[in-house]
Amino acid sequence: MRHQETLLNSLTNGTKLNGFTFDEIGDDHLYTGVETPMKKDAFLLSDTEKKDKIADLFSQIMDVMGLDLTDDSLKGTPKRVAKMYIDEIFSGLNPKNKPKIALFENKYKYNQMLVEKNIQFYSNCEHHFVPIFGKVHVAYVSSGKVIGLSKINRIVQYFANRPQVQERLTNQIAMELSSILETDDVAVIVDAKHLCVASRGIKDDSSATVTSFYGGVFNKPEKIVELQNYLKL
């Protein structure tokens, strides 16, 4: 965390990273680590206090842009945005919202890969706070324990519900599943569109970004081919 703060501060103050300043890096991803960058005192305020503060600050942003906050259509917007941030699209920042996962013995003795594909997700780019959305494919080979299928979806949703970088999202899902299932035999593939690319900047609506994590047996070429064949079904 200290390294991330020092890095961002140095870039803002004009120090170069790999020969580039913060302004020169611009829209390019600055991926500083697997952990979501968080302040040490991130949870001193209650959710209610955070929503009140966000609503106040967002009303100031709207006011600066020249919007009429007395208009019936706009005057409730700051509170709606605050509620959306804390209770919905960024709820994954708070560990209290982490899904509780129960492990079960693999009584079926199923020892092949299990694939949960086309898990729809919505997240937000931490660089512009605009949506990232797409599909996640998850596979694992049981080490003797299994989890309910819907719990995989909930893990994906939990890590997606925070400001994100796709590479980090991919690794966070994989590392969490590996920890829960007590196995390295986990694979995660994320196929997503970024509105920071599609709706602004270069405005390329046709491209998509694919990231992957292959652990344990999934590093073997034959297992990767097997997984890819499952995803084509």
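View 1. Helices (H or I, at least four residues) and strands (E, at least two) are DSSP runs, numbered from the N terminus. This is a predicted model, in which local features need pLDDT of at least 70 and side-chain atom pairs count only at pLDDT 80 or more, while totals for chains, interfaces and linings use all residues. Residues are numbered from 1 along each chain as its sequence is written, and side-chain values use heavy atoms, with hydrogens and water left out. Of the 233 residues in the chain, 36% are buried (under 20% relative accessible area, with exposed meaning over 50% and partly exposed in between; 1.4 Å probe, protein chains only).

**View 2. Here is the largest nonpolar core, with 26 residues.** A nonpolar core is a set of buried Ala, Val, Leu, Ile, Met, Phe, Trp, Tyr and Cys residues joined through side-chain atoms within 4.5 Å. Look for Phe121, Val136, Val138, Ile147, Ile173, Leu177 and Val188, the residues with the most contacts inside this core. Two or more residues each come from strand 2 (114-125), strand 3 (131-140), helix 5, helix 6 and strand 6 (186-194). Apart from this core lies another one of seven residues, including Ala187 and Phe218.

**View 3. Phe121 and the residues that it touches.** Contact means heavy atoms within 4.5 Å. Not counting residues up to four places away in sequence, Phe121 touches several residues, among them Phe133, Val136, Val156, Leu169 and Val190.

**View 4. The second largest pocket has a volume of about 270 Å³.** On a 1 Å grid over the protein atoms alone, a pocket is an open set of points where a 1.4 Å probe fits, with protein on both sides within 12 Å along at least five of seven lines; lining residues have an atom within 4 Å of a point. Grid points are joined across faces, edges and corners, and the volume is the space filled by probe spheres set on the points. Of the 13 lining residues, Glu35, Thr36, Phe159, Arg162 and Gln172 lie nearest the centre of the pocket. Helix 6 gives the most to the lining, with three residues.

**View 5. Asn118 and Glu182 both have a positive phi.** Asn118, which is not a glycine, has a phi of about 60° and sits in strand 2. Asn118 is partly exposed, at 39% relative accessible area. Glu182, in the loop between helix 6 and strand 6, has a phi near 55°. Glu182 counts as exposed, at 58% relative accessibility.
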